[in-house]
Amino acid sequence: MKNIQIISFILLILLSACSICTSAEETKIHVLDVGTGDAILVESEGINTLIDAGPDRNTTAAYLTDHNITDIHLFLVTSMEPGKIGGVLEVMNRTNVHEYRDTGTGQMYFNYNKILEKIQNESITYRSLKLGERIPIGTDTTIDVINIAQTHNGIGDEAILNLHAGNVSMLLLSENGSPDIDTGMKIQILRVPDHGSRQAFDMGFVHMIKPEVAVISIGREGNGPNKATEMGLEAAGAEVYRTDIRGTILIATDGENYTIGSSRTSPAGSISLMSVIETQPPA
């Protein structure tokens, strides 16, 4: 069972503003507020992993700079969809990327030749993502590539990833709301597909994986995610967090329990706390 309790404003400042406050055993996940797009930063045991880079050139790179992230040890790009690829080059310009990986269909992206030039000129390790592989990013933190399939809009392939930190798991869906994956997996946190659109929402799939938390990465322009999608997630028992309302979603876990908060950059540097959620490991 999960127990939700409100903790103090000071504790979130310590969680959000200071990366050295994260203990060696703790993994920290940032679902960046990049508008209608995707970018996730994972910090684990001194290893920085970036998954996608958002739709525009500067937002993701600026976030990394603001948080004193100078090295990206592993850079994963899960598709050439504009909401994921727009900030890739600027991240490569502003940080030291050690390894870059994508689905191998980058030729669908008009600037891909510039990415390849960067990889070659800076001797960055490059490999394609492979279905079924497990990528370690710390002692107890891994990323599984659980599906690779063509996107519905024909922009190459998209990879579906499952991020594990001990007994806490986060499923990163992309465009497809009902992919061909093992629905018996225990998933605590779901990254909602297609930014909460109605066409990508599959109630049956959500009920099978039973997430405790659903994160929707969406911009403030427009009307937000589809109301039926949001209500469906809540009806399935998930607590919904939206980046257009809360800003960057911050998740910290020791592999057994996890906390969720959020932060938003403003002239006053305001930070708001949502809740703390405790989970029990599988029996």
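## Basis

The model is predicted, so local features need pLDDT of at least 70 and side-chain atom pairs count only at pLDDT 80 or more, while totals for chains, interfaces and linings use all residues. Residues are numbered from 1 along each chain as its sequence is written, and side-chain values use heavy atoms, with hydrogens and water left out.

## Aromatic cluster

A search of the whole structure gives 2 aromatic pairs. Rings of Phe, Tyr and Trp (its six-membered ring) pair if their centres lie within 6.5 Å; planes under 30 degrees apart count as stacked, over 60 as edge-to-face and the rest as tilted. The ring centres of F75 and Y100 are 5.8 Å apart and the planes stand at 85°, so this pair is edge-to-face. F75 belongs to strand β6 (residues 74-76) and Y100 to strand β8 (residues 99-102), so the pair ties together parts 25 residues apart in sequence. Strands (E, at least two residues) and helices (H or I, at least four) are DSSP runs, numbered from the N terminus.

Y100 also pairs with Y126, in a stacked arrangement with 5.9 Å centre to centre and 20° between the planes. Y126 lies in strand β9 (residues 125-128), and this pair again links distant parts of the chain, 26 residues apart. F75, Y100 and Y126 form one aromatic cluster. Both F75 and Y100 are buried, where buried means under 20% relative accessible area, exposed over 50% and partly exposed in between (1.4 Å probe, protein chains only). The relative accessible area of Y100 is 0%; that of Y126 is 30%, which makes Y126 partly exposed.

## Sheet

An open sheet of 7 strands runs in the order β10-β11-β12-β13-β14-β15-β16, with mixed pairing. Two strands pair if DSSP finds at least two bridges between them. The edges are β10 (134-136) and β16 (239-242); each has a single partner strand, so one side of each is left without a neighbour in the sheet. Ignoring direction, neighbouring strands of this sheet are turned by 20° against each other on average. Axes here are lines fitted to C-alpha atoms, for helices over the stretch in contact, and angles run from 0 to 180 degrees between N-to-C directions.

β10 pairs with strand β11 (residues 141-150) in the antiparallel sense over 3 bridges. P136 has T142 in β11 as its bridge partner.

## Second largest cavity

The structure holds 2 cavities of 30 Å³ or more. On a 1 Å grid over the protein atoms alone, a cavity is a set of points where a 1.4 Å probe fits but cannot get out, and lining residues have an atom within 4 Å of a point. Grid points are joined across faces, edges and corners, and a volume is the space filled by probe spheres set on the points.

The second largest cavity has about 30 Å³ of space. Its lining consists of I29, L163, H164, A165, V168, S169 and M170. β12 (157-165) and β13 (168-172) are the elements that give two or more residues to this lining. The lining divides into 5 nonpolar, 2 polar and no charged residues. Ala, Val, Leu, Ile, Met, Phe, Trp, Tyr, Cys and Pro count as nonpolar, Asp, Glu, Lys and Arg as charged, and the others, Gly among them, as polar.

## Loop residues

N68, in the loop between α2 (59-66) and β5 (71-72), has a positive phi near 60° without being a glycine. N68 is exposed at 66% relative accessible area. D194, in the loop between β14 and α6 (203-209), also is not a glycine and has a positive phi of about 50°. D194 counts as buried at 17% relative accessibility.

G184 sits in the loop between β13 and β14 (189-191) and is exposed, with a relative accessible area of 64%. G184 and M208 are 24 residues apart in sequence and 7.2 Å apart in space, C-alpha to C-alpha.

Methods:
On a 1 Å grid over the protein atoms alone, a cavity is a set of points where a 1.4 Å probe fits but cannot get out, and a pocket is an open set with protein on both sides within 12 Å along at least five of seven lines; lining residues have an atom within 4 Å of a point.
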